[in-house]
Amino acid sequence: MTDVQQFIPSGRSPGRGFHAYSAKHLDMLVARAGLPPAERLAVQAVAAVLPFRTNSYVVENLIDWDAAPDDPIYRLVFPQPDMLPEADVQRLAGLIQTEAPEAALRAAVHEIRMRLNPHPAGQQLLNAPTMHGKPLPGLQHKYPETVLFFPRQGQTCHAYCTYCFRWAQFVGEPELKMATDDIGTLVAYLGEHPEVTSVLITGGDPMVMSEPVLRRYIEPLLDPRLDQLDSIRIGTKSLSYWPQRFVTDPDAGATLRLFGEVVSSGRTLALMAHFTHPRELAPPVLADAVRRIRDTGAVIRTQAPLIRTINDDPGTWRAMWRTQVRQGMIPYYMFVERDTGPQDYFAVPLAQAYEIFRDAYQGVSGLCRTVRGPSMSATPGKVCVDGVAEVAGAKVFVLRMIQARDPSLVGRPFFARFDPDATWLTDLRPAFADRFPFEAAGYRAGPDPRPGLFPIEPDEPGELMVPAV
């Protein structure tokens, strides 16, 4: 028995075998990685701001502890001492070490979190829909044809990724959380919005819910009166972090039967599976889980962000895409790390991101080339970096809107001045124009990448700041 296994927490589900590790186990776990006491304290300081959770499957099957703390899966789930500015880490470490009053630590943590842009791309301001003049908590409607739904019981994960752009869902600050248990409101909203053809159930991770709870949310969407729905999507990391959910969990069979019911209703059920590194695809139980899901008629599309120190080389992506296709999954997106949380720590410059994508894309067959990227899920929509070129004597990024708040912009190419250090859309400046296509008159890219796009004249409203719905 390993030192880690001796600290397995109680309260596990009978027959499930799932053992979670939280922040109270963090010091013991990072000690296994060989970190000295000062670095372990710094990790605890970072974990006071950003959430930490992992489980026994990740710890014992995915992490190469001989390579930790440099192992990519270790870096994927464990906070790093330098993920936050050194001054913030030292400040928090001092409060922890001196056992400062809880209120003082909580205030310092909150102040740091608010500087980390907890809800990027207009999630709370621009994406929140209303019905009959009332806001609808737990729903997001950024693009006309797609609604995101955040079931209350699905707002956690089997393990947390250190880069996660949904980190604000997990930190215990209610005003930052998006969640609802009101499926009836979603159904009513869909009834009033026939343009919506797809519902994405997201989190957190909906697959932390048991089958009866998941069914409570999915079954109403199969109502024949909602025949506008072509697809139901489930965003999940469970195939990476707990594939047993579809194989040996007590309700695995019932869950797969529910998937089959969605398919039998005439709709596509798509699991939007997050795989960040090839090692997540290696365990035999993962291949078994994928086979069982595909046998229901559901499809699995794969996506992940490009993350410095974890998957920032073409070979890693080639290996992922080829393995995914071999197992019957569909490569879907390479994302750019979002402008939230420790973005500065994980971000890869857009020029380098394009090179990594291009080199990986060139080395795979056509079946892998369903993947799109590198794509930024920014305020105006999904902006893809299609290339770097010289146009009219100027070096530029060639960009394209894969998705947009304004549907007329979808597929439209545009150009930005080449900047080798740019890591996000708001770092870029238009080329051959005074503004980007998604910017209304009176709007421009801000000098600070955190606020995003802002009005030159605050009293002059622009279309960028108006929700699509």
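Me: What counts as a helix or a strand in this predicted model?
Reply: The model is predicted. Helices (H or I, at least four residues) and strands (E, at least two) are DSSP runs, numbered from the N terminus.

Me: Where is the place of Ala392?
Reply: Strand S13 covers 381-391 and strand S14 covers 394-404. Ala392 is placed in the loop between S13 and S14.

Me: Is Ala392 buried or exposed?
Reply: A residue is exposed when its relative accessible area is over 50%. Ala392 has a relative accessibility of 76%, so Ala392 counts as exposed.

Me: What is phi of Ala392?
Reply: Ala392 is a residue other than glycine, and its phi is positive. The value is near 50 degrees.

Me: Which loop holds Phe432, and what is its phi?
Reply: Phe432 lies between strand S15 (413-417) and strand S16 (443-445), in the loop. Phe432 is not a glycine, yet its phi is positive, at about 65 degrees.

Me: Is Asn117 buried or exposed?
Reply: Asn117 sits in the loop between helix H7 (102-114) and strand S3 (130-131). Buried means under 20% relative accessible area. At 16% relative accessibility, Asn117 therefore counts as buried.

Me: Which backbone oxygen does the side chain of Asn117 reach?
Reply: The distance from the side chain of Asn117 to this oxygen is 2.6 Å. The backbone oxygen belongs to Asp339.

Me: Where do the buried residues of H8 fall, seen down its axis?
Reply: Helix H8 spans residues 183-192, and Ile183, Thr185, Leu186, Tyr189 and Leu190 are buried in it. Seen down the axis of H8, these buried residues fall within an arc of 155 degrees, so they line one face of the helix.

Me: What covers the buried residues of H8?
Reply: The cover includes helix H9 (211-218). It also includes strands S3, S5 (139-143), S6 (146-149) and S7 (198-201).

Me: Which backbone nitrogen does a side-chain oxygen of Asp182 reach at the start of H8?
Reply: The side-chain oxygen of Asp182 comes to within 3.2 Å of this nitrogen. The backbone nitrogen is that of Gly184.

Me: What is omega of the cis peptide bond from Ala68 to Pro69?
Reply: Pro69 lies in the loop between helix H4 (56-62) and helix H5 (72-77). The bond from Ala68 to Pro69 is cis, with omega near 10 degrees.

Me: What is omega of the cis peptide bond that joins Gly373 and Pro374?
Reply: Pro374 is found in strand S12, residues 372-377. The bond joining Gly373 and Pro374 is cis, and omega is about -10 degrees.

How values were computed
Residues are numbered from 1 along each chain as its sequence is written. This is a predicted model: local features need pLDDT of at least 70, side-chain atom pairs count only at pLDDT 80 or more; totals for chains, interfaces and linings use all residues. Side-chain values use heavy atoms; hydrogens and water are left out. Buried means under 20% relative accessible area, exposed over 50%, partly exposed in between (1.4 Å probe, protein chains only). A polar contact is a pair of N or O atoms within 3.5 Å; within protein, one must be able to donate a hydrogen and the other to accept it, and residues adjacent in sequence count only if both atoms are side-chain atoms. The arc is that of the directions from the helix axis to the C-beta atoms. Contact means heavy atoms within 4.5 Å.
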